[in-house]
Amino acid sequence: MNPTEQSAPFVLSASEYILDNFEPTDRIAILVLNRDFGETIQRITSAQKAASPEFQAWLRYKNANASDIYIGMNPLKKNASTRTKDDIASIRHVYIDLDHGAPETLEAVENSSLVPKPNYVLNSSPEKHQVVWKVEGMNLEQAEALLHAMAHEFGGDPAATDATRVLRVPGFANKKYDTDFYVEARRESTETYHLRDFKLHIDSQDSPRHNYNNRAHRDSSPRSNLSQSEHDWAFAKRALARGDDPEEVIRQIARHRGSDKSDPQYYARLTVTKAQAELMNGRDTPATSRPAEFPINEDELHH
């Protein structure tokens with residue numbers, strides 16, 4: 001790393017951020033989430049099209065009308081129409097979401113000998129950050145084990161520990177607050193890292209197969225007498241509200257309940273479908289009208 005890079009971090013636009021993190025032909029997921037209307041739009045398109053002026057103009061329009069803008073950090077297979085783990089073509093990034101005590105935690109990350117210098121630090125909301133490293137040569141299991149280890153080591157959000165996670169896109173406003181907060185990405189390194197560059201201890205407790213129990217327990221009511229179905233219900237609603245892919249939520253619930261349900265896939269899909277319906281019906285502002293969508297000839301999902 002040269003001295004210029006250390007002393008003058010480069011702030012990128014949304015288009016520059018996309019093209020710096022992906023090859024132009026990579027297929028990526030862009031998530032547009034409007035919490036007021038209960039509307040989630042996922043577009044799977046090439047990085048080049050996602051960075052185009054036309055697509056960016058559509059994203060700015062949606063952002064100006066109360067939608068948050070997110071991007072999946074790992075490219076998808078050529079024919080993918082969903083954003084599940086099976087759809088991931090390769091691992092390109094690992095990341096940590098710092099929600100609590102973020103300024104101090106960010107300093108700890110950047111000064112740590114356990115992880116290399118981040119490629120990007122995003123100011124995602126007031127005193128909260130998303131930290132991103134470019135990587136290569138990792139498989140999905142290695143990447144998710146590393147995500148868990150980093151979240152555990154630095155107190156990151158344990159929900160942001162799967163390879164299908166979407167992060168915020170710089171240049172767009174965070175709409176979760178009364179006042180818009182514009183997300184900014186600061187580039188701190190141009191290196192691409194490997195698993196050996198991360199010195200964290202990764203053991204079975206960091207494995208992604210343990211993630212469901214932890215997340216379901218955390219996302220549910222604090223009451224200790226919840227049934228397992230109530231845990232599943234709470235987990236589904238929280239995951240969908242965060243913008244997680246419904247198919248991935250179904251997959252996690254079905255995997256977890258495989259031993260005690262005669263048809264775990266049906267049970268999981270029914271749970272998620274009902275959770276989606278409740279989230280939609282529970283909004284204060286009805287979706288009485290919807291603006292025309294940007295006409296792009298790509299796979300599109302409406303959840």
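Author: Let me begin with helix α10, residues 264-281, which has 18 residues and reaches 26 Å from its first C-alpha to its last, close to the 26 Å expected at 1.5 Å a residue. The expected span is 1.5 Å times one less than the number of residues, and helices here are DSSP runs of H or I with at least four residues, while strands are runs of E with at least two, both numbered from the N terminus. This is a predicted model, in which local features need pLDDT of at least 70 and side-chain atom pairs count only at pLDDT 80 or more, whereas totals for chains, interfaces and linings use all residues. Residues are numbered from 1 along each chain as its sequence is written, and side-chain values use heavy atoms, with hydrogens and water left out.

Reader: Which residues of α10 are called buried, and what does the word require?

Author: Buried means under 20% relative accessible area, exposed means over 50%, and partly exposed lies in between, with a 1.4 Å probe and protein chains only. In α10 the residues that count as buried are Pro264, Tyr267, Ala268, Thr271, Val272 and Ala275.

Reader: How do you know that the buried residues of α10 line one face?

Author: Seen down the axis of α10, these residues fall within an arc of 125°, so they line one face of the helix; the arc is taken from the directions running from the helix axis to the C-beta atoms. The face turned away from the buried side carries the exposed residues Tyr266 and Asn281.

Reader: What do the buried residues of α10 pack against?

Author: They pack against α8 (228-242) and α9 (246-256), where contact means heavy atoms within 4.5 Å.

Reader: What makes Tyr17 and Tyr120 an edge-to-face pair?

Author: Rings of Phe, Tyr and Trp (its six-membered ring) pair if their centres lie within 6.5 Å, and planes under 30 degrees apart count as stacked, over 60 as edge-to-face and the rest as tilted. By this rule there are four aromatic pairs. Tyr17 and Tyr120 have 5.0 Å centre to centre and 75° between the planes, and are therefore edge-to-face. Tyr17 lies in helix α2 (residues 14-21) and Tyr120 in strand β6, so the pair ties together parts that are 103 residues apart in sequence.

Reader: Are Tyr17 and Tyr120 buried or exposed, and on what values?

Author: Tyr17 has a relative accessible area of 1% and is buried, and Tyr120, at 0%, counts as buried too.

Reader: Why is the pair of Tyr193 and Phe198 called edge-to-face?

Author: The ring centres of Tyr193 and Phe198 are 6.4 Å apart and their planes stand at 80°, so this pair is edge-to-face. Tyr193 is buried, with a relative accessible area of 7%, and Phe198 is likewise buried at 7%. Ring pairs also link Trp133, Tyr193 and Phe198 into a cluster.

Reader: What makes you say that the charged end of Arg43 sits over the ring of Trp58?

Author: A charge sits over a ring if NZ of Lys or CZ of Arg is within 6 Å of the ring centre and within 35 degrees of the ring normal. The charged end of Arg43 is 4.3 Å from the centre of the Trp58 ring and is classed as sitting over it.

Reader: Where is Ala51, and why is Ala51 called buried?

Author: Ala51 is in the loop between α3 (47-50) and α4, and its relative accessibility of 10% makes it buried. Leaving aside neighbours within four places in sequence, Ala51 is in contact with Ser15, Ile18, Leu19 and Gln56.
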